[in-house]
There are 4 protein chains.
Amino acid sequence: MLMHVTFTVAVAGASGYAGGEVLRLLLAHPQIEIGALTAHTNAGQRMGDAHPHLLPLADRVLQPTSVESLHGHDVVVLALPHGKSGELTAALAAAGSTALVLDCGADHRLTDADAWEQFYGSTHAGTWPYGLPELILADRGTRQRDVLRSARHVAVPGCNVTAVTLALQPGVAAGVVDPRDVVAVLAVGYSGAGKAAKTHLLAAEALGSLAPYAVGGTHRHVPEIEQNLRAAGAGEVRVSFTPVLAPVSRGILATVTAPVAAGMPAATVRAAWEQHYADEPFVHLLPEGTWPTTAMVTGANTAVVQVAVDERAGRVVALCAIDNLVKGTAGAAVQSMNLALGLPETAGLTTVGVAP
Amino acid sequence: MLMHVTFTVAVAGASGYAGGEVLRLLLAHPQIEIGALTAHTNAGQRMGDAHPHLLPLADRVLQPTSVESLHGHDVVVLALPHGKSGELTAALAAAGSTALVLDCGADHRLTDADAWEQFYGSTHAGTWPYGLPELILADRGTRQRDVLRSARHVAVPGCNVTAVTLALQPGVAAGVVDPRDVVAVLAVGYSGAGKAAKTHLLAAEALGSLAPYAVGGTHRHVPEIEQNLRAAGAGEVRVSFTPVLAPVSRGILATVTAPVAAGMPAATVRAAWEQHYADEPFVHLLPEGTWPTTAMVTGANTAVVQVAVDERAGRVVALCAIDNLVKGTAGAAVQSMNLALGLPETAGLTTVGVAP
Amino acid sequence: MLMHVTFTVAVAGASGYAGGEVLRLLLAHPQIEIGALTAHTNAGQRMGDAHPHLLPLADRVLQPTSVESLHGHDVVVLALPHGKSGELTAALAAAGSTALVLDCGADHRLTDADAWEQFYGSTHAGTWPYGLPELILADRGTRQRDVLRSARHVAVPGCNVTAVTLALQPGVAAGVVDPRDVVAVLAVGYSGAGKAAKTHLLAAEALGSLAPYAVGGTHRHVPEIEQNLRAAGAGEVRVSFTPVLAPVSRGILATVTAPVAAGMPAATVRAAWEQHYADEPFVHLLPEGTWPTTAMVTGANTAVVQVAVDERAGRVVALCAIDNLVKGTAGAAVQSMNLALGLPETAGLTTVGVAP
Amino acid sequence: MLMHVTFTVAVAGASGYAGGEVLRLLLAHPQIEIGALTAHTNAGQRMGDAHPHLLPLADRVLQPTSVESLHGHDVVVLALPHGKSGELTAALAAAGSTALVLDCGADHRLTDADAWEQFYGSTHAGTWPYGLPELILADRGTRQRDVLRSARHVAVPGCNVTAVTLALQPGVAAGVVDPRDVVAVLAVGYSGAGKAAKTHLLAAEALGSLAPYAVGGTHRHVPEIEQNLRAAGAGEVRVSFTPVLAPVSRGILATVTAPVAAGMPAATVRAAWEQHYADEPFVHLLPEGTWPTTAMVTGANTAVVQVAVDERAGRVVALCAIDNLVKGTAGAAVQSMNLALGLPETAGLTTVGVAP
């Protein structure tokens with residue numbers, strides 16, 4: 001493939017945070033031309049008003065989200081509310097579109113229709129290839145990127161799920177932790193809650209506060225975490241999951257602990273993590289004794305990971321920091337798109353964060 | 001005792017955050033007269049420069065910390081670096097002082113000299129009555145406030161320890177959780193790290209970042225948590241403890257999970273927490289379905305608590321929010337002082353936070 | 001008046017930030033009993049849900065705002081949207097209420113009906129005594145507190161107006177600055193924008209951003225500033241006013257400059273400020289060379305002020321920091337209430353901030 | 001010049017914020033190879049410890065800053081404390097280096113030796129071409145980029161100066177404002193204060209606070225602003241300048257006002273700004289009625305500008321938002337380097353911000 005080949009991408013839901021971040025990344029992608037930008041209630045708005053930081057797109061106008069506006073592109077990215085993507089994708093196909101479709105929403109992530117119905121309260125829309133290239137597929141001896149290379153539809157993972165999965169999967173895959181008693185507590189930024197105005201998301205509420213939500217196993221990301229850890233080789237999985245909102249716009253810092261497998265020396269634990277990510281371009285195990293922070297990865301598609309063995313408590317503590325909008329959403333979409341289009345996996349993506 | 005009885009209080013280490021917060025509370029205390037204010041490197045400084053928010057003390061000058069400056073008060077509060085309080089207290093006693101001494105540092109918190117030496121690397125200075133009035137003493141069927149009523153020395157608890165203990169002790173005392181596999185992850189504010197200038201505590205580093213530290217069971221608060229949970233009735237205790245700095249000045253949000261005891265119904269779990277704190281003036285169990293936030297308790301001596309049972313994960317999730325400088329430090333000192341002086345336990349303390 | 005005399009206070013609009021802050025202060029007021037708490041859309045809500053930091057009121061329920069709910073109190077505080085207070089006050093009077101009414105809204109602040117109509121676009125509701133006790137009344141040789149002592153209605157000032165007025169009025173009153181070319185730029189926190197959910201007030205938008213608004217003389221506080229500076233003795237007044245939102249919840253830092261009067265020595269300028277605030281309990285001129293910060297006054301009813309002469313630029317730079325919800329709103333209401341009720345002006349109010 | 005030509009760049013002072021940001025930008029530059037990275041007290045440190053966000057450089061080690069380490073590169077960037085760059089540059093030249101030298105410090109910015117000595121208290125080190133390509137040179141009818149095209153030394157501007165200059169110079173150049181009474185108030189982030197640990201820069205101090213400094217015309221950026229406005233065509237210049245620290249890491253929001261020239265219609269004012277920046281790649285005038293925010297430009301080399309006429313006050317209000325570390329420092333260095341090396345001015349630089 002020559003450098004001058006470009007693909008056109010349409011973004012549905014371009015006025016929200018996920019859509020805006022996809023566009024931020026695509027503006028730096030050498031082989032992408034940005035096509036239609038669509039929205040629902042914000043149709044008609046200038047992009048300069050919706051996303052003033054995307055200066056090169058400032059004078060573009062949001063079109064209504066429809067088969068007409070999205071048809072004719074090589075790629076369609078859907079950044080829509082849950083429940084909207086299945087129907088639209090079917091309508092596009094019916095209209096003859098052969099576009100690669102990437103869904104940033106949850107509709108097609110779960111393989112288990114029962115779990116979907118339990119956590120989302122609606123009918124399952126089906127399962128698409130899962131957009132986490134680094135996910136180990138224990139039963140095939142390969143990674144998810146191999147699946148994505150032939151994908152025509154991609155379900156982009158949940159941001160919290162990505163952080164927990166990347167933190168812990170090396171230990172699960174290597175059998176050095178017990179996945180039946182995982183505890184994950186995440187400090188998370190406010191952009192993950194989206195751009196819809198709600199009182200508890202106001203700056204005056206958030207500044208100076210630390211605020212948990214969806215406590216007690218009710219968060220919709222729980223079954224998705226379980227699914228990933230099973231893919232990585234776990235049999236039975238149990239995950240206690242608690243997110244805590246902290247006053248940052250971007251970032252997830254996941255603290256994930258699991259019992260260390262009986263008799264497992266600390267060096268073996270560390271070796272499992274080292275080997276697991278040795279060849280990954282976007283997952284970086286830090287040197288011993290330094291801890292991941294979200295500032296390291298702001299704006300980057302990187303996950304920084306660390307692992308420690310707490311011998312007193314008998315637990316492995318695995319930490320992962322990501323930018324929820326990049327590796328947690330839009331970066332995962334672009335990385336998956338690159339694989340599906342046959343482009344270099346890293347095209348248009350950076351490992352360099354914006355700090356301090 | 002009549003309302004017009006007042007006690008004089010000296011504060012050693014008055015230029016730091018803990019000392020300043022003790023003074024902020026004492027300024028609102030109806031039966032306290034503020035005496036000597038002392039410091040080490042900051043001796044000679046105006047209080048208006050050290051703590052410009054304490055306007056009524058602005059023109060006071062910090063004296064050197066010494067037996068001479070501290071002698072002659074009814075109460076001496078020590079807000080000193082670790083390792084400094086034992087010697088000073090002995091010197092005061094030798095000089096004839098009979099003052100109530102409250103140590104905001106760690107020196108006299110632990111009963112186990114081995115644990116002290118393991119975590120602090122120095123000789124144990126002895127154990128003082130522990131300044132957490134709400135701590136249940138399972139083997140006596142009473143609370144720590146009874147011990148404090150006759151105390152002449154008080155070891156003020158660590159702030160993280162208070163949050164974890166208040167979150168979980170109802171379940172431990174009632175036997176509804178298993179204390180052998182506690183996992184505590186805390187989102188914590190920067191004032192807990194003190195006022196000494198260090199690069200990683202700079203605003204430019206903190207803003208926009210979430211940063212864990214002391215991962216893997218190395219934090220000095222671990223043995224203190226274990227000690228408290230044993231006091232509350234646990235036999236064997238194991239605690240995985242991870243603090244994560246978040247960009248707030250004040251506040252600790254502790255997420256503490258432990259396995260629910262076999263066959264224990266959720267209603268029994270909740271009842272344990274309700275009964276445990278029904279009569280406590282400063283610990284408040286929220287109504288079901290609402291979660292503690294640190295904004296609720298900014299500036300107040302309150303701990304707000306919630307508990308949920310995650311049946312999928314088989315764990316109880318207990319949450320506690322405190323202001324690390326108030327209920328976590330200075331408020332605990334004042335509350336303990338009130339008990340030791342025979343004053344109403346709530347004198348000078350508020351349950352009303354400053355929000356938003 | 002004996003200590004045991006208490007007054008009952010009803011708060012209309014108790015679910016918003018201004019109403020909540022009035023209640024936070026009244027909970028610490030020794031001579032106030034909190035009566036009816038009312039709201040419009042939030043009627044029926046528990047106070048514990050509206051304002052979880054006000055723990056002692058958690059189980060109170062918000063009643064509908066009406067003559068019936070508000071009647072029968074000694075004091076009624078109105079924290080309502082603009083345009084609502086005049087009608088309600090008239091209805092209360094018609095029903096026989098003789099309550100002292102304090103309006104936290106703008107309706108009755110301006111004396112100039114034309115300015116009202118120009119900036120608010122509605123009919124002027126009339127003028128009430130202005131709740132800024134420290135305002136100098138140049139033509140009477142007195143301060144506004146003398147007017148407030150007999151008031152039955154009080155118009156609580158705008159928060160930005162208070163900061164600008166307290167910064168600059170000493171120079172205007174003393175004739176050492178030229179009020180015909182005042183430039184005021186304010187860094188302001190998000191609570192000043194209220195609790196209604198709007199996209200540009202979301203935490204994700206605010207964190208990491210500095211955002212001006214109402215640029216170019218369109219802010220409704222402009223005519224109110226002009227009115228105050230004229231009260232302080234200015235003839236012609238011109239004010240350039242620009243507010244900039246910064247990611248803090250509370251606080252206003254006003255930087256106000258005006259040309260220094262011809263030939264005026266710096267010492268004379270400083271003396272004007274010193275004399276002006278020498279006897280004020282809530283306005284504090286800092287020592288030379290130290291600058292006001294909003295952290296100094298968080299939660300306190302204090303305004304901290306500083307002044308410098310920039311001889312190179314030929315301007316006086318006056319700075320004032322306040323907590324917009326306290327001295328900027330609720331503290332001003334309580335201070336004015338104290339005066340109108342014949343209580344000590346400082347009752348229930350503190351000069352001690354919550355910092356760091 | 002072909003795409004494969006690359007230039008080697010050494011960075012002295014690579015452990016600080018300015019040096020780190022230069023490297024962040026150079027990592028994305030298509031024609032740059034990063035050479036020696038040097039430091040003073042941090043020599044020997046891994047870059048992964050100094051700047052963990054620069055993952056591709058993590059295993060590089062900081063060398064001591066010396067002629068030996070810096071010699072042999074095409075470009076040397078100096079990010080040193082004030083007073084250090086002149087001597088080092090001379091030593092490099094003496095050793096035969098012909099490198100392009102870019103000084104991020106202040107040493108060579110001012111043309112007026114008296115002003116230097118007054119504000120910096122040391123001997124003036126001489127004047128280098130000034131690294132603000134957009135600066136209008138009124139007496140030559142050209143812009144500063146023409147000077148930079150042949151430069152071998154560049155003095156990178158002060159960050160606050162850039163914001164004020166870009167805000168106001170269109171009005172000065174067009175004669176539509178009066179530069180004899182400029183008032184500039186800037187809300188600024190903490191990274192501008194550097195990475196040296198100082199108490200007033202601690203997160204606990206900064207969070208929740210708004211804090212002015214260098215009030216009254218004492219800031220070292222004042223003479224540099226005056227110099228630029230004179231370059232833009234002003235005769236006499238007077239500037240009142242006040243910076244206010246706000247709790248963001250990056251960003252400057254400059255509010256700059258000046259009297260509108262007598263009889264000048266608002267449309268003429270706006271036209272001056274429109275024409276001035278019509279062809280600039282990195283300065284963007286926003287549509288009428290929308291205001292610059294720093295979030296728009298985080299991580300980008302863009303300055304976003306807006307202007308309004310306040311007819312009531314008789315002043316033009318010009319606003320400019322920049323990222324102090326990019327357009328304010330490192331981006332200006334790279335943009336100037338591009339010009340001096342004959343590369344496209346925009347190489348390696350983006351106009352897309354990282355938001356929210």
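Visitor: What is the area buried between chain D and chain C, and how much of it do carbon and sulfur atoms give?
Guide: This is a predicted model, by the way. The area buried between chain D and chain C is about 3,800 Å², and carbon and sulfur atoms give 62% of that. On the chain D side, D:Leu210, D:Val215 and D:Arg312 supply 19% of what chain D buries against chain C, more than any other three residues. As for contacts, 51 residues of chain D meet 50 residues of chain C.

Visitor: Why is the pair C:Arg312 and D:Glu226 called a salt bridge?
Guide: The rule wants a side-chain nitrogen of Lys or Arg within 4 Å of a carboxyl oxygen of Asp or Glu. The closest N and O atoms of C:Arg312 and D:Glu226 are 2.6 Å apart, so the pair qualifies. The count between chain D and chain C is four salt bridges.

Visitor: What else is there between chain D and chain C, in terms of polar contact?
Guide: There are 11 residue pairs in polar contact there, with both residues at pLDDT 80 or more. The side of chain D that touches chain C divides into 29 nonpolar, 14 polar and eight charged residues.

Visitor: What is the buried area between chain B and chain D?
Guide: It's about 1,400 Å², with carbon and sulfur atoms giving 69%. B:Leu202, B:Ala204 and B:Leu207 supply 36% of the area that chain B buries against chain D, more than any other three residues.

Visitor: What makes B:Leu168 part of a nonpolar core?
Guide: A core is a set of buried nonpolar residues joined through side-chain atoms within 4.5 Å. B:Leu168 belongs to the largest one, which has 123 residues, and is among the five that touch the most other members, alongside B:Trp273, D:Leu168, D:Leu229 and D:Trp273. Not counting residues up to four places away in sequence, B:Leu168 touches B:Val177, B:Val182, B:Leu229, B:Val256, B:Ala258, B:Trp273 and B:Ala318. There is also a second, separate core of 122 residues, including A:Val269, A:Tyr277, C:Ile136 and C:Leu137.

Definitions and conventions: Residues numbered from 1 in each chain as written. Chains lettered and ligands numbered in written order. Predicted model: local features only at pLDDT ≥ 70, side-chain atom pairs only at ≥ 80, totals over all residues. Heavy atoms only, no water. Buried area = accessible area lost by both parts, 1.4 Å probe. Buried < 20%, exposed > 50% of the residue type's maximum accessible area, 1.4 Å probe, protein only. Contact = heavy atoms within 4.5 Å. Polar contact = N/O pair within 3.5 Å; in protein donor to acceptor, adjacent residues only side chain to side chain. Nonpolar A, V, L, I, M, F, W, Y, C, P; charged D, E, K, R; others polar.
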